[in-house]
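Me: I am new to this structure. Can you walk me through how to read its features?

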Amino acid sequence: YIYIHIPYQSRLFLCCPCISGFAFLSLYSSNMRPDKSQWSLHFTSFLLLEAMAWSLRPALGNEESSSSIYDAPSVDHAQQYVAPKVDPSRMHFAEHFDDLFEKDNIEKRWIKSKASKEDTAEDVAKYVGEWKIEQPIRAILSGDYGLVLKSKAKHAAIASPLLSNRPFVFKDKPLILQYEVTLQEGQECGGSYIKLLSDGDNTKDLKQFNDKTPYTIMFGPDKCGNDVKLHFIFRHVNPINGSITEKHCSKQKDRLDGLFKDRRPHLYQLIIRPDNTYTIRIDHKIINEGTLLTNFTPPVNPPAEIDDPNDQKPENWDDREMIPDPEAKKPQDWDENEQPQIPDPKATKPLDWLDDLEEMIPDDTAIKPSDWDNDMDGEWEAPLIPNPLCEKAVGCGLWKAPMISNPNYKGKWRPPLIANVNYQGKWTPRKIINPDYFEDLNPFRMTAIVAVGIEIWSMSNEILFDNIVITDDESVAKQWALQTFDLKLKILDRQAQTLWDRALRYMNYKPAYWGAYFVYCSIPMLAYVWFLWTRRDKKESFMSRFLKYCSVNPWMWAVLMVFVGLPMAVMMYFICFAKSDAKTVSGLMKKTDDYTAIYDQNANTGLDGERSKKNDLNANANQHHEINAEEEGDGTDDVRELQEKNSGEDELLDPEKWNDEVIDMKNGAVEEGLKKRKPRKD
C-alpha cells in the first residue's frame, strides 16, 4: 500500500530489487517441499510482481499519465507560445519567422540569391539551395517556425536588410548577435554560420549575394569530419592603404562535437564591446572570450620591425653547434655488412612439413569471364586459393628458418659529436622598420553593417535557423532568448527518450548516487542468499544443490542472466556513459555565466515598413518599468508565465532575484496538484 502511493520516480528505483527478490524466491520455492512455506513464498512472489506492475503506472490520485511529466508536449500543451515582439528603437534586426509560414511568404523580408560562385564549375556554381519556412521536425513549441535549408550538397544563400534599412555603426555601443541553429539531421560536413554584410555598393542588390560579397563579421559553427570550428572572423581595414584582411579568432579550449550530433536547438551569441573585448556564448555558457587586439590571427597591428628581406647569411657563418669528432676512428671489429636479422641457426624443420605441396594453388572451380579479352587483359589465370591439403599439416612449400635479431649487428659507424669551437650561433637577418606598420588601438570601429546573410554549403539538409537578433542592448537579447530558446530548453529538459533517461534525470546525473543505488539493490539479494544459506541442508550445501539444479535444468542459467546480469549490465552502462550526455541535456543547469532571467514590461508600439504588424519587445526607454509579481499557477501554465512575468529596472540590478526566479522555474514541479519548490540561492 505504501509502495504504490510513493512518488512515481521512487517506484522506478524499487523495481530492480523487486525483480531480484522475485528471482531468488522463485528459485528457493521450486526446491521446497509442497507445504505451506512454499505457498507462502509463491504468494510473496505474486505480491512482488504486482508491485512491479504498479511501478509502471502513475501515482494514485493523478489522472494524467506519468509520461506527461517528461514527454514532449503535444500541440495542445504548447499553445501558450507567443511570438516575441520587435522594438525597432532597441533592435537593429529581429527575425522569428513565425509570421512567414503562410503560403511560404519567405520573400516578404528575405531575398534569395540568384548569383553564382566564381572560379567554380558551372553545374555547381549557382546558388540553387532550397529555403523554406517550416516547423521543426521535432516540434517543441506550437506556432514556432524557422528558416530551413531543405537541400544538401548545393550552394545556398539568402539575405535580409536590417530594420528600417538603418545600418549598425560601430561607435560607443556594443554589438550583440544572437541566433538559434538546429541541425535536425546532424552534421558531417558543412556550416551554419551567419554573415553581417558590410555597407557599400556591393551589398545594395542582395540578389547578387555570394561568397565574394563583402562582410564585416562572420560568426557560427562549422564542421567537416573531425575539424570542428566556431567561426568568429572580422574584416579589418588597414588605416594606411585601405587593404582588408580577415582576422580569425583563437580557437576555444572545449570541443564542440556534441553540437553537431544531438539534433537539439542551440543558441549562439556573440558580444563585441567598444573596449575591444568580446564574449562568445553557446546556450548561455561562455566558451570563448578575449580582446580584438591579442586573440586573433593574424594580429590586428603588424610588428614595428621586420626582417630585412635583402639581408643574406655570410658564406663563412658557422651555425653548427655540434660537429663530428675529426680524431675519432672506426673500431677494427666494426662490421658494417652485418644484417639486422638472420635465420635462426637452432631452428629445425618439423617432421610433418609438406615440401612437395604448394601453399597456394589455382582454383579449379573458377571460370574464365565471358568478356575476358586476351589481347586487352592478357592471358587469363585462375585465382589462387589456400591448398586444402595444407590445412591439417604444419605447413607446405619451401621451409625457411624463422628470423632472429643478429647479435653482431652494429649498423653504420658514425663518429661521435663534439662541441663546435667555431660556433657563431643561429643566424637571423637584421631588423628594419616595417614600412607598413600602423597602430590601430580601436579595431572595434569596423565597417558598418546593413544586412544579415546566410551563405553556406552543407552535406546535410534540414538545417533550421531561428530567432536571429542584432541589438546593442544585452537585456534585449536576454529577453528574446527567455521568450524563445529558454522555453524550448525547459520543455526539452522535461523530456526523456527512455525510461533509463528519466531515471538518470531524476538522479541528477551523479554517478555516486548510482553507486549507492547499486548497494541498495544488493541488500535484498544478500538477505535472500543469507536466508537460504542458514536453512540449507547440513549434508548438502545450498551452493551444491544450486549447481546441481542448474545442471539438471540448464534454462536456469539463462534466467539468472536475464534477471540478474542484464539489469546490472544496463545499469553499469548508464553509469559510465550518461555523464557526457548530461552536459547537453542539463542546458541551463550548468555554468551560465550568471545569466539570469530578465522580465521587461512590454508595450505596444507601431512599426515601420513590412514589420509594422509586430508589437514591441519592450516598452519605450523613457518609460519606467513596473514590478508585476504574479502568483505561480499550475504546471501547464509555465510557458505562459515565462512570457507574462515582468520585473522592473530595480530587479535588473539584483542578480540574486534573477537566480531565484530562474531556479524556481527550472526546479518547479510541472503537474497539477504538485507544489513548486521555494526559491533558493544558487
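**Rings, charges and patches**

Reply: Start with one residue. Phe 296 is buried, with a relative accessible area of 5%. Keep in mind that the model is predicted.

Me: Which label does Tyr 278 get, buried or exposed?

Reply: Buried means under 20% relative accessible area. Tyr 278 has a relative accessible area of 1%, so Tyr 278 is buried.

Me: How many aromatic pairs does the structure hold?

Reply: There are 13 aromatic pairs in the structure.

Me: Which parts does the pair tie together?

Reply: Look at the strands. Tyr 278 is in strand β13, residues 277-282. Phe 296 is in strand β15, residues 296-297. The pair therefore ties together parts that are 18 residues apart in sequence.

Me: Which residues form an aromatic cluster?

Reply: One aromatic cluster is made of Trp 131, Tyr 179, Phe 219, Tyr 268 and Phe 465.

Me: Now the charges. How many salt bridges does the structure hold?

Reply: A salt bridge needs a side-chain nitrogen of Lys or Arg within 4 Å of a carboxyl oxygen of Asp or Glu. The structure holds 22 salt bridges. One of them joins Lys 132 to Glu 130, where the closest N and O atoms are 3.5 Å apart.

Me: How exposed are Lys 132 and Glu 130?

Reply: Partly exposed is the label between buried, under 20%, and exposed, over 50%. Lys 132 is at 30% relative accessibility, so Lys 132 counts as partly exposed. Glu 130 is at 37% and also counts as partly exposed.

Me: Which residue forms a salt bridge with Lys 229?

Reply: The partner is Asp 227, with the closest N and O atoms 3.8 Å apart. Lys 229 is partly exposed at a relative accessible area of 36%. Asp 227 is partly exposed too, at 38%.

Me: And which residue forms a salt bridge with Asp 319?

Reply: That is Lys 313, and the closest N and O atoms are 3.5 Å apart. Asp 319 has a relative accessible area of 25%, so Asp 319 is partly exposed. Lys 313, at 42% relative accessibility, counts as partly exposed as well.

Me: Which residues are linked in a network of salt bridges?

Reply: The network links Asp 144, Glu 180, Asp 466 and Lys 488.

Me: Which residues make the nonpolar surface patch?

Reply: Phe 518, Val 519, Ile 523 and Met 568 make this patch of about 340 Å².

Me: Which helix gives the largest share of the nonpolar patch?

Reply: Helix α8, residues 511-534, supplies three residues, the largest share. Ile 523 lies in helix α8. With a relative accessible area of 53%, Ile 523 is exposed.

How values were computed. Residues are numbered from 1 along each chain as its sequence is written. This is a predicted model: local features need pLDDT of at least 70, side-chain atom pairs count only at pLDDT 80 or more; totals for chains, interfaces and linings use all residues. Side-chain values use heavy atoms; hydrogens and water are left out. Patches are made of residues with over 30% relative accessible area and no salt bridge: like charges are joined within 9 Å, nonpolar side chains (Val, Leu, Ile, Met, Phe, Trp, Tyr) within 5 Å. Accessible areas come from the Shrake-Rupley method with a 1.4 Å probe; for residues, only the protein chains shown count as cover. Helices (H or I, at least four residues) and strands (E, at least two) are DSSP runs, numbered from the N terminus. Buried means under 20% relative accessible area, exposed over 50%, partly exposed in between (1.4 Å probe, protein chains only). Rings of Phe, Tyr and Trp (its six-membered ring) pair if their centres lie within 6.5 Å; planes under 30 degrees apart count as stacked, over 60 as edge-to-face and the rest as tilted.
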